[in-house]
Amino acid sequence: MMKRELVLGTLIVLGGLSLVVSGLQAPAGPSAAARAATKIEKVKDNLYMITGSGVADTSAFSGGNTAVLITDAGVVIVDTKLPGWGQIVLDRIKTVTNKPVTTIINTHTHSDHTGSNEFFGTTVDSIVQENTKANMAKMDEFKGDKARFLPKRTYKDRMTVGKGKDQIDLYYFGRGHTNGDTFVVFPALRTMHAGDMFAWKALPYIDTDNGGSVAIHPQTLAKVVATIKDVDTVITGHIPTPTTWNELKEYADFTQDFVTWAQTEMKAGKTVDQAVPEYKVPAKYRGYVPSANPEFGGVKSNLEALYKELKK
């Protein structure tokens with residue numbers, strides 16, 4: 001987690017997404033509104049999605065989208081939401097299966113995706129990209145005695161878990177949102193969980209404290225598009241309904257277009273403050289907004305980070 005321990009959440013508003021962060025007073029625990037907003041929905045066959053909250057009020061924020069795959073051996077979950085949400089995740093799972101949770105996969109380090117790992121104990125298998133484990137070890141949720149809840153297994157570039165209809169392929173393509181973002185593919189179901197590499201239809205939040213890169217983010221997405229085949233459905237980090245592969249491709253183009261525009265502004269000698277008001281979302285990206293939240297992950301923060309990268 002970054003130093004300010006920010007946590008992400010979303011709201012669809014007029015085709016855009018609004019963001020809630022823990023730095024702006026996160027809820028002390030699951031509220032009734034948040035419980036009601038956290039639903040389990042079937043994506044395909046034995047794959048489900050437990051949504052994050054779809055409201056702006058921080059009292060109703062639960063964290064990122066959780067994928068639930070019911071396998072012959074048990075339940076695999078991708079991302080565990082905020083601390084204190086483990087029981088609610090488990091309650092939602094119990095509405096569709098009595099099988100135990102056997103495996104946790106985290107797409108990245110942030111606590112709105114890893115916060116309830118502890119709830120599922122130390123006997124559950126847990127897997128992350130190797131850089132993410134190093135990032136998680138710096139978080140309060142995994143320090144001291146809680147280090148025993150750190151993931152047991154890591155991988156570098158690719159890993160396969162299970163086989164046949166239960167196969168899960170894990171991919172790391174490089175820096176982006178952080179330096180350890182995993183793309184989780186369910187090949188038999190032609191579905192992928194993209195985590196916060198595709199969190200919403202707005203400029204990304206780039207966590208430079210955990211190795212993220214504005215410049216490399218679109219390049220990493222381009223590698224995903226070029227490498228992964230036979231996927232038609234994408235679970236994002238925070239959009240409360242599944243998206244399509246074409247929408248992921250569009251998002252990769254959107255982020256690259258922003259980087260290209262920003263490079264042009266910098267070459268023209270524009271400062272960040274001069275460039276910010278000049279940015280407009282290209283008309284071809286219908287439903288997109290510049291920022292998920294004016295104070296977080298928007299034009300200015302992306303420009304500031306990118307300018308620093310380009311000056312090095």
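A: Asp 79 is buried, with a relative accessible area of 0%, where buried means under 20%, exposed over 50% and partly exposed in between, computed with a 1.4 Å probe on protein chains only. This is a predicted model, in which local features need pLDDT of at least 70 and side-chain atom pairs count only at pLDDT 80 or more, while totals for chains, interfaces and linings use all residues. Residues are numbered from 1 along each chain as its sequence is written, and side-chain values use heavy atoms, with hydrogens and water left out.

Asp 79 lies in the loop between strand S6 (75–78) and helix H2 (86–94); helices (H or I, at least four residues) and strands (E, at least two) are DSSP runs numbered from the N terminus. Although Asp 79 is not a glycine, its phi is positive, at about 75°. Most residues other than glycine have a negative phi. Asp 45 likewise has a positive phi, of about 45°, without being a glycine, but Asp 45, in the loop between strand S3 (40–44) and strand S4 (47–50), counts as exposed, at 57% relative accessibility.

Ser 116 sits in the loop between helix H3 (111–114) and strand S8 (125–129) and counts as buried, at 2% relative accessibility. The side chain of Ser 116 reaches the backbone oxygen of Leu 82 at 2.5 Å.

Turning to charged pairs, the structure holds 14 salt bridges, each defined as a side-chain nitrogen of Lys or Arg within 4 Å of a carboxyl oxygen of Asp or Glu. One of them joins Asp 72 to Lys 165, with the closest N and O atoms 2.9 Å apart. This pair links distant parts of the chain, 93 residues apart, for Asp 72 is in the loop between strand S5 (66–70) and S6, and Lys 165 is in the loop between S10 and strand S11 (168–171). Asp 72 is exposed, with a relative accessible area of 57%.

Another salt bridge is formed by Asp 273 and Lys 300, whose closest N and O atoms are 3.5 Å apart; this pair too links distant parts of the chain, from Asp 273 in helix H7 to Lys 300 in helix H8, 27 residues apart. Asp 273 counts as exposed at 53% relative accessibility, whereas Lys 300 is partly exposed at 40%. Elsewhere, Lys 44, Arg 190, Asp 230 and Asp 232 are linked in a network of salt bridges.

The strands S10 and S11, between which Lys 165 lies, belong to an open sheet of six strands with mixed pairing, in the order S10-S11-S12-S13-S14-S15, where two strands pair if DSSP finds at least two bridges between them. Strand S10 (158–161) and strand S15 (243–244) are the edge strands, each pairing on one side only. Within this sheet, strand S12 (residues 183–186) and strand S13 (residues 191–193) run antiparallel and are joined by three bridges, and Val 184 has His 193 in S13 as its bridge partner.

Notes
A polar contact is a pair of N or O atoms within 3.5 Å; within protein, one must be able to donate a hydrogen and the other to accept it, and residues adjacent in sequence count only if both atoms are side-chain atoms.
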